[in-house]
Amino acid sequence: MQFAQFASYLHDIETVSSRLAITEKLAKLFSELHTDELAVVPYLLQGRVAPAYRGLEFGMAEKSLLKAAAQAFGLDLPDVARHVRTTGDLGESVETLRRAFMSMEEKTLSIAHVYGELYRITQATGEGSQESKANILAFLFTQLDPLSCKYLCRIPLGQLRLGASDVTILDAVSWMLVGDKSLRSKIEKAYQVRPNLGYICAQVVKMGVDVVETISPQVGTPILMMKAERLSSGAEIIKKIGQCMVEPKYDGLRLQVHIQKYKVQGAEHKEQVPNDKKYSVEIYTRGLELVTHMYPDIVDAVEREVGCTNAIMEGEALGYDETTDTFLPFQQTIQRKRKHDVAEAAKRIPLRFMAFDLLYMNGESCLHKPLVERKAQLQSLIASDASTIRLSPHEQVTDPHRLEALFDQYIGEGLEGIMAKRPESVYKPGAREFSWVKLKRSYSSKVNDTVDCVVMGYDAGKGKRAAFGIGAVLVGVYEQSAQRYLTIAKIGTGMTDEEWKTLKANSEKRIAKSKPDEYTVAKEMECDVWVHPHIVLEVRSDEITQSKIHTSGWSLRFPRLERFRADKRPHDATTKDEIDTLAVSQKN
Ligand code: ATP
């Protein structure tokens with residue numbers, strides 16, 4: 001398909017706002033694409049060239065785009081900047097300016113060609129790279145038609161905002177195949193194993209929907225992490241799942257470690273293997289972010305403490321105090337999640353990686369194997385004298401008293417509680433089911449529960465906080481079935497000055513021009529400033545009470561910030577269903 005035709009589809013999609021209409025239009029677009037194009041178009045629709053976990057960024061600020069436009073149209077930078085100020089939209093300005101230069105010869109560039117150029121932009125690094133990026137874009141501006149230019153420049157700017165989320169794209173593939181969304185959950189199962197949208201879409205269209213049964217984990221592609229349900233006592237857990245495997249619940253950072261042995265080990269190929277390393281290691285967070293560079297100590301430990309051809313294991317990384325032989329609290333562990341001064345932080349806060357699951361080993365998926373088998377294989381993977389990578393302890397329990405005793409023991413050791421898992425359960429990527437049940441200190445009747453909320457907007461500050469420019473924050477939970485955010489609280493107190501400042505700074509990067517379509521908010525709760533769903537806060541409250549004003553139907557009483565959950569994506573926030581259950585169990 002020509003990029004110009006693609007741009008007119010984007011224009012068409014932009015004119016509608018309901019998810020259903022977007023899905024139908026995307027389905028129409030997909031039906032006209034070649035499978036090779038279908039492998040990349042899902043990313044272009046999201047303003048990227050590859051899955052987010054690949055970490056390929058355009059790294060172009062608005063200024064570079066202005067420069068590209070000025071260069072393409074032979075204008076002065078201040079003139080372009082002035083034009084953008086009048087339209088308030090760089091894409092529209094570029095379209096108008098391109099129209100004024102109709103004399104430039106338009107070329108019929110394909111999607112593949114433009115994609116290749118955009119990819120080149122993500123690859124440019126180092127000195128002079130801003131200039132090369134602008135040159136690539138400028139040249140494209142001179143060749144493409146005005147409408148294409150408008151959408152082209154929105155891609156690196158991250159301003160397409162077409163509502164083409166991963167789920168909507170999967171819906172559209174289903175729609176294209178059968179005229180409704182009925183195949184989405186089937187396709188989504190494959191996506192949860194291998195969340196490479198382009199790959200999944202192209203495979204399904206090329207091979208038919210049954211191909212999803214054959215999609216298996218791949219080392220180097222993060223698998224969506226399995227989640228836990230919650231119950232409030234040992235007795236409830238045993239009643240619900242019977243005999244279970246009990247493990248400590250750590251309060252650290254959930255990591256998925258991908259390990260691949262280098263193929264060429266012979267002396268003649270030595271230069272291909274960095275520093276005589278045995279393994280190539282990649283580490284992902286639960287938000288599917290590639291964070292290998294943050295954990296050099298775990299990468300080194302894999303060299304010494306693991307033996308396999310390849311593997312994907314999961315566990316919780318925690319700061320560790322060797323002198324007292326104890327884990328550090330989350331506030332200290334989280335300091336390891338940083339881009340700079342990594343070596344210094346690794347020295348100051350050494351980590352232990354408590355491995356609790358194995359998803360792939362030696363070329364074979366372990367997802368369908370029962371937990372007991374996965375644990376046994378995991379044990380065989382880790383050296384018995386390993387110090388950084390440890391097998392998380394586990395015990396089979398049938399007696400609720402024993403379960404409670406383990407809970408008390410782990411709480412006594414400063415941990416969060418326990419995880420009880422069905423011994424026969426398979427690993428279901430992305431699922432939250434009763435195969436895993438968490439029992440945390442905060443669920444016992446003595447202390448209150450926390451809820452992970454998404455920041456939806458805020459009011460300008462009054463009084464002391466006028467200085468910060470942020471007063472009460474509107475937060476919400478996620479309704480999975482409708483893919484919408486529903487309000488649950490306005491938080492106006494209980495944050496330190498530092499936390500208000502951080503929240504303001506983070507929110508400012510996500511400001512929306514108007515209330516995002518995926519928010520359902522009552523009039524009384526409208527905000528001065530709307531924020532796109534991105535920031536997740538863990539919120540503590542005294543009680544969950546029924547509400548006529550909050551669209552979730554519930555309100556948090558005395559809500560206060562427990563901590564920022566940078567490890568969670570907005571879709572991972574507490575769901576409306578979870579709140580319904582929590583509220584009811586709390587009454588009981
Ligand atoms: P919470 O706020 O209770 O940590 P969550 O919403 O962040 O829960 P859940 O998936 O519901 O995430 O709870 C499981 C989380 O607990 C995992 O993401 C993981 O980080 C952590 N965890 C700690 N110990 C274990 C363990 N032994 N097995 C599985 N997950 C564990």
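Which of the 20 residues around the ligand come nearest? They are Glu 247, Glu 316, Arg 432, Lys 438 and Lys 568, where a residue counts as near a molecule if one of its heavy atoms lies within 4 Å of it.

Before going on, a word on what you're looking at. This is a predicted model, so local features need pLDDT of at least 70 and side-chain atom pairs count only at pLDDT 80 or more, while totals for chains, interfaces and linings use all residues. Residues are numbered from 1 along each chain as its sequence is written, and side-chain values use heavy atoms, with hydrogens and water left out.

**Around the ligand**

Here are some polar contacts, meaning pairs of N or O atoms within 3.5 Å.

| Residue | Ligand atom | Distance |
|---|---|---|
| Glu 247 | nitrogen | 2.7 Å |
| Lys 249 | oxygen | 2.9 Å |
| Arg 254 | oxygen | 2.9 Å |

**How some helices pack**

Helices here are DSSP runs (H or I, at least four residues), numbered from the N terminus. Their axes are lines fitted to C-alpha atoms over the stretch in contact, with angles from 0 to 180 degrees between N-to-C directions.

Let's start with H2 (residues 19–31) and H11 (residues 166–178), whose axes come within 8 Å and cross at roughly 60°. That makes H2 oblique to H11: angles under 35 degrees count as roughly parallel, over 145 as roughly antiparallel, 65 to 115 as roughly perpendicular and the rest as oblique. The crossing is right-handed, that is, the near helix is turned clockwise from the far one by less than a right angle. The residues in this contact (heavy atoms within 4.5 Å) include Phe 30 of H2 and Trp 175 of H11. They divide into 11 nonpolar, three polar and three charged. For these classes, Ala, Val, Leu, Ile, Met, Phe, Trp, Tyr, Cys and Pro count as nonpolar, Asp, Glu, Lys and Arg as charged, and the others, Gly among them, as polar.

H11 also meets H12 (residues 184–193): the two axes come within 9 Å and cross at roughly 125°. H11 is therefore oblique to H12, and this crossing is right-handed too. Among the residues making the contact are Leu 170 of H11 and Tyr 191 of H12. By class, there are five nonpolar, one polar and four charged.

Then there's H5 (residues 62–73) with H7 (residues 90–100), where the axes come within 11 Å and cross at roughly 5°. So H5 and H7 are roughly parallel to each other. Glu 62, Leu 65, Leu 66, Ala 69 and Phe 73 in H5 touch Leu 90, Val 94, Leu 97 and Arg 98 in H7. Seven of these residues are nonpolar, none polar and two charged.

Terms used
Helix = DSSP H or I, 4+ residues; strand = E, 2+ residues; numbered from the N terminus. Polar contact = N/O pair within 3.5 Å; in protein donor to acceptor, adjacent residues only side chain to side chain.
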